[in-house]
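Hi everyone, thanks for coming. Let me put the model up, and then we can walk through a few parts of it together.

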Amino acid sequence: MGRQFQYLYQAEGRQLLWVIGTLFSVVFVVQYFELPYGAVVSSLFSVGIPAPGKTSLLSSDSSSKLGTMDNMTTDQGLNSSDAHATHEIGNNTKTMERNNEGPKNDFASVMNGALDKSFDGDSGLNGDYSSENISEISKNLTSEKANDSGNWSAVKNASRHEPSLFLENVAADSSFGNIWEDDVALPRERSKRSGGGLISPLPASPQTISSSNTTSLTNLDLHPIILPPDRSSVKEGAAHTLNKDEKLEPSRNDLTLSDHSSISIPAVETRPELPAVTTISDMNNLFLQSRSSSHSMKPRWSSAVDQEILYAKSQIENAPIVKNDPGLHASLFRNVSMFKRSYELMEKTLKVYIYREGERPVFHQPPIKGIYASEGWFMKLMEANKKFVTKNARKAHLFYLPFSSRALEETLYVPNSHKRDNLVQCLKDYLDMIGAKYPFWNRTGGADHFLVACHDWAPSETQKLMANTIRALCNSDVREGFKLGKDVSLPETYVRIPQNPLRDLGGKPPSQRQILAFFAGSMHGYVRPILLKYWEDKDPDMKIYGRMPKAKKGKMNYIKHMKSSKYCICAKGYEVNSPRVVEAIFYECVPVILSDNFVPPFFEVLNWESFAVIVLEKDIPNLKSILLSIPEKRYLEMQMRVKQVQQHFLWHAKPVKYDVFHMILHSVWYNRVFQISVRPKQLLG
């Protein structure tokens, strides 16, 4: 009896082991096909916390599979130049709506709840970011994995954010309020140890923003940008850096990022080939298309500020008709009623958070003199502003990245190297730092962040890193990545005397303007030599010169020529932008824009055809006949409108309503309002 029992016991044991083995194999196979990235073993035995010294990013092999994750597919929208992609975007939008459906208790709601608790307060980021609270958030995020397999990637990335992700830079009282006061203690400390680095970012990496068009850069090995110990050598080197109109020789490696990166960078989407010249009419059509079908990526979790922006959008779209407003002139605007309502809502609603991180001179040290003064004056006035700036990042509708593109070039560019890798890396290190320290960049992929940059190189330096970011750029070339409806054309203002930016404002009345057209400038680019070839010393009505020498006593100088001319020729240099556009308005001369593919400032709200003449480069030989064909009545109307629009291009030590500071901020706000995308549950209230 005992032997029989022992035999049966052994047989049952073998069967049980066989069943367990079979079951384990089935589970293994199922998980292999069902779990993202094929990370079976790590999925079974780990919650995704990286080993010491490793980053929290996905492996390069994993990044290739990001497009398969339903819940992380983002709505890239129609590019500003995508004139032929409306149908595809419509299909993508439907797919996005389906993909974002999920259980009520998903990652978004958990993260939103965590943020709501953590970022309360009116005088700073005073939420309790103790290690216990952050650990609890991390546990909650990890537990959500079982409820929604579609959100596995988001939970996995969130769980990888250990408490040290936030605590490493928070002062002893565990309050974000001290971040405002003390800036970044840890990076500064590291900078001292490394001999004076410009940026020494945190080792922790932000959550990966993934989409079907996302390039994920992995295996982080951050290299801080080091300034020369002797600052005098920087100044000496800066004296030999390229001037604004000097053309940098292209280099294949100029914009190649380091192989070791800690943020995911949205790939620049492929656009249909634009015509060789995008006319002002084409730009108008592209802008309208972007309004109807182009949107930023949906936020990874909802926020109350999104609802406020959606409310503003509905109010603007249904703005009451403006009949008579003494401060605004309807003929200058695309839609003066929408502009006025949007401006009112901006004044009432908008809050901007300015990152305090970043070391001088690249950050927080604006140039306020010369042709790059726009970025400097905006930074100076924005940082001093109390109406729009908030210290409570949770209440912010927009986040300002306070760097100077001019200072970046002066500080880090090696003369005659023709390489800008280190300039790009400097900006990337900064994004790594704020992405690791704060959750806001990763919530929207940077879509609610903005920058203001006037240097010629700014578009190429930011195009890949900040593809979703609202970029206010002087170099607004529609064929070089400027996205109508998202990016803002920044007016290039030449400030000669910072203490008195309005010096010499105005010009002669129309009856005393005896010169038909005027231009003077260095021979930068290909357009100006052609202009001089046809018109220099060819016609007494056309005062077309190269670089004007310093005027002798009794002779007319550059400014006097502008004040005495009917039309001022604004010919491009090496890039599409020129300070002459704003100078012409400043001196009440009708601007003649001679720069193909240039998006004029504040294009989203202003009707440039009402007060400026836009001439194609190919029509330079016919320039005089084009100007003479404009009836005198039409010229007088345009000149009057130039005087009316002038208020929108003036800097004041203390900003005034509708001035250039408010117009820049408004265009950023306006584009954000019309680009915002929300999660489906937000639309349901």
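Let's start in the sheet. Strand β12 (residues 565-571) pairs with strand β13 (residues 590-594) in the parallel sense, over 5 bridges. Strands here are DSSP E runs of at least two residues, helices are H or I runs of at least four, both numbered from the N terminus, and two strands pair if DSSP finds at least two bridges between them.

A quick word on the source: this is a predicted model, where local features need pLDDT of at least 70, side-chain atom pairs count only at pLDDT 80 or more, and totals for chains, interfaces and linings use all residues. Residues are numbered from 1 along each chain as its sequence is written, and side-chain values use heavy atoms, with hydrogens and water left out.

Zooming out, the open sheet has 5 strands in the order β11-β10-β12-β13-β14, with parallel pairing. β11 (542-544) and β14 (613-614) are at the edges with a single partner strand each, so one side of each has no neighbour in the sheet.

Now to a helix. α14 (residues 336-349) is mostly covered, with 10 of its 14 residues buried, where buried means under 20% relative accessible area, exposed over 50%, and partly exposed in between (1.4 Å probe, protein chains only). Among the buried ones are Met338, Phe339, Arg341 and Tyr343. The buried residues of α14 pack against α13 (304-317) and α25 (660-675).

Conventions:
Contact means heavy atoms within 4.5 Å.
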